[in-house]
Amino acid sequence: MQELGLTGIFFIPLALGTAAVIFFVMRFRLLHEIRIAAQKSLSALQKKDLPVFYSSYWLKNACIRRFLRLPPSMESRLARRAADNPGQTRRILARLIRKQPHNAALLLMYADLCRLLHHRSEFQHAVSRIKLPFFFPSALKADYLRLCALDSLYQTDMLAASSQCSGALKLYQKSGFAFEEAECYLCLAQIYRISGVFDVAETMLREAAKIYKELSAHAKYAETEAYRGLVEIGRENYPAAGEYLEAAAAVCRQYRLEKTGADIANWQGLACYLQKSLPSAKHFFASVLHRQSQASPEAKAFAAEMAARIDLQKKDFTAAVRRADEAVLIHRSLHHRPGIFENLYLKAEILYAAADYNRSAEILTALIKEKMPPSSIYYPANAYTLLGLIYLETGRLGPARTMFKNAVDMENSQNRLKGAAIDYNNLAELALREGCRGEARTCLERALKYAETLEDKELATYLEDKLKQSEG
């Protein structure tokens with residue numbers, strides 16, 4: 001075997017050393033370009049109101065391609081456009097996905113934009129269509145897990161949501177993607193807040209707020225502080241809730257974040273409403289309704305619904321119906337069926353309180369015939385109960401019994417004990433009107449058992465008194 005000369009012996013390590021120097025110089029230049037691009041992107045983010053679309057992965061991808069003198073990828077261009085105009089980009093993505101139905105990257109971006117823009121059914125459909133390729137960037141796998149967590153949250157599968165979001169958080173932390181890490185903390189806070197684990201939710205929100213503040217993402221920081229207010233509302237600690245919400249509102253005023261400010265004003269109104277401070281609550285909801293283009297349609301719909309509830313309590317039925325109709329109209333423009341159902345039921349409640357039984361019954365009958373949308377506060381048993389009360393008021397005892405029995409069967413099937421207790425009480429009232437005291441006692445005893453299980457002292461006391469009266 002031919003031996004290497006002295007020149008060859010020294011050439012190999014020299015070449016390797018030179019290559020290593022070139023590699024580290026190029027790596028330093030690339031990281032420098034990524035940092036500059038991130039700073040520019042974050043500078044733009046600081047001025048944005050909600051909704052915010054931001055993707056560290058596609059920002060980094062665009063920098064690498066530019067450094068290698070490659071044209072930007074279609075996804076990178078779309079991510080940049082989505083940061084500036086999420087609504088328009090969502091429509092562009094919808095057209096592209098029809099041509100490329102299995103493009104996981106496009107579906108991920110489309111799903112995220114649907115979520116940000118409150119197109120919940122489209123978001124859930126898009127997530128269900130995503131099939132990740134085996135070789136797929138870990139950051140996009142993290143995006144998928146985070147969106148799956150939000151989908152599970154909407155479907156109230158809290159265990160799956162927590163597991164998926166924790167998985168996404170670990171991948172983002174490994175990639176060093178701070179904004180997305182904060183998004184995961186915010187998602188976990190929602191999961192724990194809804195589950196009633198307020199201490200953990202508070203911890204998650206503190207972590208998210210810390211990151212958003214460091215990034216000077218003002219709208220996201222204000223949103224996070226407002227969620228801390230919602231946690232305190234869940235604890236019924238209204239003074240602390242008011243402080244967090246006002247601090248969030250102050251950030252919105254400072255940076256002129258009108259849409260975020262409208263959402264926070266709604267939450268301030270909700271806090272006042274729960275404290276029965278109706279004039280203050282009405283002031284906040286009115287401030288949202290009077291913002292013309294700044295407040296989102298969703299914010300205006302919520303404000304109109306809450307204003308209707310306040311007018312109902314004040315027995316201003318004409319104003320309450322007008323506000324409920326306004327909320328229904330907005331939800332119809334958004335094709336948001338849960339919101340339509342909830343506000344139509346509210347309108348039926350208002351008409352019932354105004355003794356306009358015919359119009360109330362028409363709405364309730366239509367709601368019962370419709371298929372209930374998912375993720376709705378409205379529950380069909382409520383419509384059966386209210387329709388039964390209308391029949392009871394108008395002396396139609398047979399149809400009233402049918403409605404109450406349908407309601408109680410539905411409540412029992414879903415283990416909604418309070419609803420079942422109320423319906424058994426209604427059946428007892430019906431039996432008393434028919435002179436069937438034994439049947440009335442049986443129904444009241446069942447209702448009382450449910451109230452005691454729930455430890456609802458007010459309802460239990462009412463039912464005990466009624467049971468004594470039925471025996472007298």
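**Helix α23 and its neighbours**

I began with helix α23 and noted that its buried residues pack against α21 (417–433) and α22 (437–454), where contact means heavy atoms within 4.5 Å. The model is predicted, so I kept in mind that local features need pLDDT of at least 70 and that side-chain atom pairs count only at pLDDT 80 or more, while totals for chains, interfaces and linings use all residues. Residues are numbered from 1 along each chain as its sequence is written, and side-chain values use heavy atoms, with hydrogens and water left out.

The helices I name (H or I, at least four residues) are DSSP runs, as are strands (E, at least two), and both are numbered from the N terminus. I call a residue buried under 20% relative accessible area, exposed over 50%, and partly exposed in between, using a 1.4 Å probe and protein chains only.

Which residues of α23 are buried? I listed Leu459, Ala460, Leu463, Lys466, Leu467 and Ser470. They cover an arc of only 130° around the axis, which puts them on the same side of α23; the arc is that of the directions from the helix axis to the C-beta atoms. An α-helix has 3.6 residues a turn, so residues three or four places apart point the same way. On the face of α23 turned away from its buried side I found the exposed residues Lys457, Glu458, Lys468 and Gln469.

I also checked the length of α23 (residues 457–471): its 15 residues, at 1.5 Å a residue, should span 21 Å, and the end C-alpha atoms are 21 Å apart, which agrees. The expected span is 1.5 Å times one less than the number of residues.

**Backbone entries**

Most residues other than glycine have a negative phi, and most peptide bonds are trans.

Glu236 has a positive phi near 60° and sits in the loop between α11 (218–234) and α12 (238–255), where I noted it as exposed at 61% relative accessibility. His335, with phi near 55°, lies in the loop between α16 (317–333) and α17 (337–353) and is exposed at 70%.

**Cysteines and salt bridges**

I looked for disulfides, taken as pairs of cysteine sulfur atoms within 2.5 Å, and the count came to zero. Cys63 is buried at 1% relative accessible area, and Cys272 is buried at 13%.

How many salt bridges does the structure hold? I noted 25, each a side-chain nitrogen of Lys or Arg within 4 Å of a carboxyl oxygen of Asp or Glu.

One of them joins Glu202 and Arg228, whose closest N and O atoms are 2.7 Å apart. That pair links distant parts of the chain, with Glu202 in helix α10 (residues 198–215) and Arg228 in helix α11, 26 residues apart, and I found both Glu202 and Arg228 buried.

I then turned to Lys347 and Asp325, which meet at 2.9 Å, N to O. Lys347 lies in helix α17 and Asp325 in helix α16, so the pair ties together parts that are 22 residues apart in sequence. Lys347 is buried at 15%, whereas Asp325 is partly exposed at 32%.
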